[in-house]
Amino acid sequence: MKDKLRNTAKHTVVYSIGNLSAKLIGLLLLPLYTSKLTTADYGILGILEIIGQFLIVVLGLNLYSAMIRWCSEDANCGKQKNIIFSVFASLTGIVILLNVITIPFSRQLSGFFFNNIDYELHFLFLIVSVSFEIMNTAALNILRMQERSKLYIVYTTGKFSAMLLLNFYFIVFMKMGVLGIIAGSMIANIALFFFLLPIIFKNIKPVFEYKIIKEMLRYCLPLIFTSISVMLLSFGDRFFIKHFLDYSQVGLYTLSYKIASVINVLIVQSFMLGFMPIAFKMLDQPEAKEFYNKVLKYLTVVLIVFALFISVFAREALELIARNRDFIFAFKYVPLLALTFVFKGIQYVFSLGFHYVKKTKFNAYIVMFGVLINFGLNYLLIPKAGIWGAGAATAVSSLIIVVLFYHFSRKMYYVKYDIGKVILTVSLGIIFYLLSLFAADLGFVGRIAVKSVGIILFIFTLMITKVFKRSEFAELLRSVSNKKTD
């Protein structure tokens, strides 16, 4: 089991380094965005990004997740290549259909979403970018499946570096604004696809496994609804804010979400990239349940430490990097959204029970129920509390979802999680954040000093309460540093 924990930690760290590079590039662009875009422009960009992510989730059909699941069951290299080819052939057909159906109606899409046809070219670039990103995601998942995390981050970091340069060129020199950002993303995705082609060709065998694809689609269909529900849960509040407030408020909320999503990029996504392939292979092994329990405990501690750090220092970060002072107020909403990502990470571990019995429909049922709760709360709270209402709705509905995942997944694959320590860790994080608010009236340097001491005290408190032992922390660090990655 130690080897599995070591591999999970190792790959998570490597993926985090790659995702950190991507996030740093995003932070480097933030001063550019806040100086060249208005809060309303940033709100429009946020809506376009949501549409793009929605298309990727729906049209990707989660086939790359199924690809990992099916290939992990079949050690036959030839069979794996057949499966990968079948997935790529299916996705290629979907992408071609997407372009044929949507590109001729770019003007109509602009009018529908923005009541303005001026964004026709934005939609054309967005659709092309989405098409290549769907194919790229499948190719990168081959590297995940093969646990080649270092090569994975080389490609992803290269893509985001290209986006950085392209965005700078299009915004500063070409004065293209939001359109330049979408164009930069499109060009970077096209370039990445051609770099990934050798990996795709090396891992496919032109045999279409029709029966397996049918099985995978039955497995994926509930996950598609789950993914759509997650998208609605994560981004639906922007449309409520747009309806009840304005694009400037959408822009502020989008920025606070992007800051909180550092947790998602560095921890949750990196963890899932490294953990899921290992977890699927371990499901039937005798030490699996103890392994999952330890993973949950370690993950919760890391999530809360990062969430607390980002929440208490969001104000100072924005004061340093935001050129337009209107953007600084976004710091207020970061803590609620950061807590949401903590719940999201915990939820992923609990979801293993549904994957074990291949009853992913329960994922969909629970998350769709959470969306209904979220939409109801948004409708009630945003008119009364503004952006605060949106943040509260997201946090509360995410908590309900994680509780339901815990309850129902254990009925299918029972794991004795140390849930008391999970609750204690989250509770302590919330308490220490509330204590940090007493430093709000201090100067910039004073706030930094007091909040830094608070973070250190929080970590010591975790050790004193034996939530996370110092010996466990030291062992985890040794595992990460000593084990070589493929």
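Helices here are DSSP runs of H or I with at least four residues, strands are runs of E with at least two, and both are numbered from the N terminus. The model you have open is predicted, so that local features need a pLDDT of at least 70 and side-chain atom pairs count only at pLDDT 80 or more, whereas totals for chains, interfaces and linings use all residues. Residues are numbered from 1 along each chain as its sequence is written, and side-chain values use heavy atoms, with hydrogens and water left out.

Next, select helix 18, residues 444–464, and find Leu-462 in it. Leu-462 counts as buried because its relative accessibility is 3%.

Move on to Glu-316 in helix 12, which spans residues 288–321. With 2% relative accessibility, Glu-316 counts as buried too. Show the side chains of Glu-316 and Lys-451, which a polar contact of 3.1 Å joins; such a contact is a pair of N or O atoms within 3.5 Å, where, within protein, one must be able to donate a hydrogen and the other to accept it, and residues adjacent in sequence count only if both atoms are side-chain atoms. Setting aside neighbours within four places in sequence, Glu-316 is in contact (heavy atoms within 4.5 Å) with Phe-444, Arg-447, Ile-448 and Lys-451.

Now colour the largest nonpolar core, which has 150 residues, with Leu-91, Met-216 and Tyr-292 having the most contacts inside it. Helix 12 gives the largest share of this core, 16 residues. A core of this kind is a set of buried Ala, Val, Leu, Ile, Met, Phe, Trp, Tyr and Cys residues joined through side-chain atoms within 4.5 Å. Centre the view on Met-216, and, residues up to four places away in sequence not counted, you will find that it touches Leu-63, Ala-66, Met-67, Trp-70, Ile-83 and Val-87.

Finally, select Val-349, Phe-350, Leu-352, Gly-353, Ser-409, Tyr-413, Val-415 and Tyr-417, which line the second largest cavity. Helix 13 (334–350) and helix 14 (352–356) are the elements that give two or more residues to this lining. On a 1 Å grid over the protein atoms alone, a cavity is a set of points where a 1.4 Å probe fits but cannot get out, and lining residues have an atom within 4 Å of a point.

Definitions and conventions
Buried < 20%, exposed > 50% of the residue type's maximum accessible area, 1.4 Å probe, protein only. 1 Å grid on protein atoms, 1.4 Å probe; cavity = no way out; pocket = protein on both sides within 12 Å on 5 of 7 lines; lining within 4 Å.
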